[in-house]
Amino acid sequence: MSEELIRAEGVTKTYGSGETATRVLHGIDLALRAGELTLVMGPSGSGKTTLLSILGCLLKPSSGRVVLEGVDVGAQTEATLPELRRRRIGFVFQAFNLFEALTALENVEVSLRLAGLGARDARRRAHELLARVGLSDRAHHLPENLSGGQKQRVAIARALGSPGRLLLADEPTGALDGKNGRRVMELLRAAADDGCAVVVVTHDRRLEGFADRLVSLEDGRIADDRSLGPTPASSSTRKVCRDRA
Amino acid sequence: MLRIAWKNLLHDKLKLATAVAGVVFATVLMNLQVGMLLGFTDTITAVVARSPGDLWIMAKGTKNFDMVFGQPERRHYQALATEGVAWSSRLIVDFTLWRTPAGGSEQVIVLGIDPECPVGLPWAMSEGDVGEIFRGEGVIVDATERNRLGGPGGLRLGDRIEIKGHRARVVGFSKSVRSFTTTPYVFTSLRFARDFAHGLDPRTQVKYVVVGVAPGHSLTEVRARLLERLPEVEVLTRGEFMRRSVVYWLLGTGAGIMSILAAVLGLFVGGAIVGQAIYSQTMQKYREYGTFKALGGTNAELAGIILAQALFTALLGYATGVLVAGVVGRLMSEGRLLILMPPGVVVALGGVTALMCVAASLTSVARVVGLEPAIVFKA
């Protein structure tokens with residue numbers, strides 16, 4: 001059994017209070033392991049994004065507990081949470097969320113600098129990461145001059161710049177065509193193969209081929225949690241994150 | 001993080017231009033208004049500040065240098081006879097009419113200067129010799145008044161003019177010697193000024209008696225002796241008289257308050273423009289700031305980015321604004337209005353501008369500090 005990176009125990013989340021209170025998550029128990037790519041699926045409003053926000057330490061659960069690499073997230077303060085995120089978690093977003101004024105290289109450098117690297121090391125490492133995602137020739141392009149697929153690969157390079165081993169992706173292929181979506185999933189698969197715990201929230205059943213595990217949410221509860229068996233896409237892209245661990 | 005701030009600014013050049021224009025507006029207005037205020041102060045005190053003399057004896061109730069009642073000339077001699085007085089000088093300051101060669105008339109302020117111990121001479125000459133006023137009916141006016149006081153083609157050295165029915169000759173032009181009221185100063189001899197001084201008994205009255213304190217004597221003691229001997233007058237030190245004149249013109253007339261208000265207005269209007277531009281830019285980048293937080297950026301780092309943007313804007317706008325104000329100030333100073341922009345004041349106003357920009361960005365800082373990083377997952 002591979003190492004457990006993050007564990008959610010009895011996590012609930014309620015928005016609002018009193019009569020307007022809406023419970024979005026109901027006692028979620030979930031453990032994610034290194035080397036595992038987990039798909040989180042479910043209909044709209046099932047709590048996928050809320051769960052991802054809680055696992056990413058962006059949102060505090062109303063009750064329950066989240067432990068990230070042995071650290072009780074609930075015990076962290078507003079001052080220490082950013083440190084936890086910059087050291088232990090990488091994010092990939094559906095809308096890419098790149099810094100529009102920064103080049104691809106500088107976007108990747110941001111997470112590296114936040115992780116504590118000096119300017120020169122960050123630049124060197126950013127070049128390496130862009131090379132890993134096949135974008136060396138686009139290093140000095142602004143996001144507005146990149147295609148959707150290229151933007152998402154920059155975002156993955158930025159996420160891989162985080163020293164953490166938890167990588168959370170929210171609909172990473174949602175804004176991409178089939179070919180680019182596949183390429184992005186290959187990169188995420190490679191990150192898992194290199195020891196990351198990768199969580200992908202998606203509606204797209206075609207991504208199951210890249211995943212080890214499928215967690216289905218319905219009405220804020222885990223309706224199904226099953227292993228998907230061997231992953232046919234993993235063999236060709238295992239080297240992408242070799243240097244990260 | 002500074003790079004993010006700088007690149008964010010440059011990325012939207014229209015917003016940057018708007019914000020910089022706001023700072024330029026505030027900078028030009030502040031520097032010109034404060035420069036005008038300093039120019040006013042300098043002009044109001046110019047003659048007193050640049051003349052010799054430790055104590056000024058004047059009629060009671062005198063409020064400023066330009067407007068003063070007369071006093072008997074004997075006070076000059078009484079002052080001279082006072083222990084501790086090294087020298088005494090008489091000075092006439094009076095409004096009168098100048099008839100231009102073209103036949104028009106202009107109001108002027110005549111300074112009649114004592115040839116024995118001159119006080120009130122122009123301190124900078126553009127043309128001619130200052131000593132010429134003591135020969136015949138010679139007068140000196142400022143070079144900036146050539147056109148105003150002359151006929152077509154302007155006043156020239158040697159021109160014959162008329163002051164209140166008395167013929168006079170232009171013997172020189174001073175350089176940048178202005179009165180606060182913009183009424184031109186006309187420098188001439190005490191004797192000639194007496195011929196047309198308004199409301200003076202030509203034989204017995206002067207306007208000021210200025211004395212120098214002899215070495216080894218205390219100013220306070222000499223003043224006390226003068227007041228004992230001349231109880232019907234006021235005796236002010238040079239500094240006191242300058243302050244009194246400044247207070248009268250700047251506070252009494254509202255000219256100074258208006259300048260200060262205009263400078264403050266410039267600060268607020270500029271601040272509002274900068275604040276609006278930075279806030280709009282912050283809102284445009286709101287999701288990016290959320291992403292930055294999600295990646296582990298702290299509130300302090302985010303606030304630093306916003307504040308750095310404000311300071312970059314301040315720097316760009318202030319540098320441009322000072323250049324513009326410098327050029328405008330120089331052009332204006334060639335006329336009747338003196339604009340002074342000493343380096344210390346320019347630096348201090350730069351600090352004020354930086355504070356304005358920081359204050360203007362605080363709303364934006366508050367927004368990003370309160371930003372929930374989970375917004376990054378919202379569509």
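Contact here means heavy atoms within 4.5 Å. The model is predicted, so I kept the rules in view: local features need pLDDT of at least 70, side-chain atom pairs count only at pLDDT 80 or more, and totals for chains, interfaces and linings use all residues. Residues are numbered from 1 along each chain as its sequence is written, chains are lettered from A and ligands numbered from 1 in the order in which they are written, and side-chain values use heavy atoms, with hydrogens and water left out.

**Entry: Ala310(B)**

I started with Ala310(B), which sits in helix α10 of chain B. Helices and strands are DSSP runs numbered from the N terminus (helices H or I, at least four residues; strands E, at least two). Setting aside residues up to four places away in sequence, I found Ala310(B) touching Ile278(B), Cys357(B), Val358(B) and Ser361(B). Ala310(B) is buried, at a relative accessible area of 0%. Buried means under 20% relative accessible area, exposed over 50%, and partly exposed in between, using a 1.4 Å probe and protein chains only. I also looked up a pair 304 residues apart along the chain: the C-alpha atoms of Ala310(B) and Trp6(B) are separated by 10.0 Å.

**Entry: α10(B) on α11(B)**

Next I checked how α10 (residues 299–333) of chain B meets α11(B): the axes come within 9 Å and cross at roughly 145°. Axes are lines fitted to C-alpha atoms, for helices over the stretch in contact, and angles run from 0 to 180 degrees between N-to-C directions. The crossing of α10(B) and α11(B) is right-handed. For handedness, left-handed means that the near helix is turned anticlockwise from the far one by less than a right angle, and right-handed means clockwise. On the α10(B) side I noted Leu307(B), Ala310(B), Leu311(B), Ala314(B), Tyr318(B) and Val322(B). On the α11(B) side I noted Val346(B), Leu349(B), Gly350(B), Thr353(B), Ala354(B), Cys357(B) and Val358(B). By class, the α10(B)–α11(B) contact has eleven nonpolar, two polar and no charged residues. Ala, Val, Leu, Ile, Met, Phe, Trp, Tyr, Cys and Pro count as nonpolar, Asp, Glu, Lys and Arg as charged, and the others, Gly among them, as polar.

**Entry: α8(B) and its partners**

I then took α8 (residues 255–284) of chain B against α11 (residues 343–360) of chain B, where the axes come within 8 Å and cross at roughly 45°. That makes α8(B) and α11(B) oblique to each other. The cut-offs: angles under 35 degrees count as roughly parallel, over 145 as roughly antiparallel, 65 to 115 as roughly perpendicular and the rest as oblique. The α8(B)–α11(B) crossing is right-handed. Among the residues making the contact are Gly270(B), Gly271(B) and Gly275(B) of α8(B), along with Met356(B) and Cys357(B) of α11(B).

With α12 (residues 362–369) of chain B, α8(B) packs at an angle of about 20°, and the axes are 8 Å apart. So α8(B) is roughly parallel to α12(B). This crossing of α8(B) with α12(B) is also listed as right-handed. Ile278(B), Tyr279(B), Thr282(B) and Met283(B) of α8(B) meet Thr363(B), Ser364(B), Arg367(B) and Val368(B) of α12(B). The α8(B)–α12(B) contact holds four nonpolar, three polar and one charged residues.

**Entry: Arg90(B)**

I looked up Arg90(B) in strand β3 (residues 85–99) of chain B, and Arg90(B) is buried at 7% relative accessible area. Its side chain makes a polar contact of 2.5 Å with the side chain of Glu73(B), and another of 2.9 Å with that of Asp114(B). A polar contact is a pair of N or O atoms within 3.5 Å; within protein, one must be able to donate a hydrogen and the other to accept it, and residues adjacent in sequence count only if both atoms are side-chain atoms. Further residues that Arg90(B) touches include His76(B), Tyr77(B), Arg194(B) and Tyr208(B).

**Entry: Ser333(B)**

Ser333(B) is in helix α10 of chain B and counts as buried at 16% relative accessibility. I saw its side chain reach the backbone nitrogen of Ile339(B) at 2.9 Å.

**Entry: positive phi**

Glu171(A), not a glycine, has a positive phi of about 45°, and counts as buried at 11% relative accessibility. Lys164(B) has a positive phi near 45°, and counts as partly exposed at 42%.
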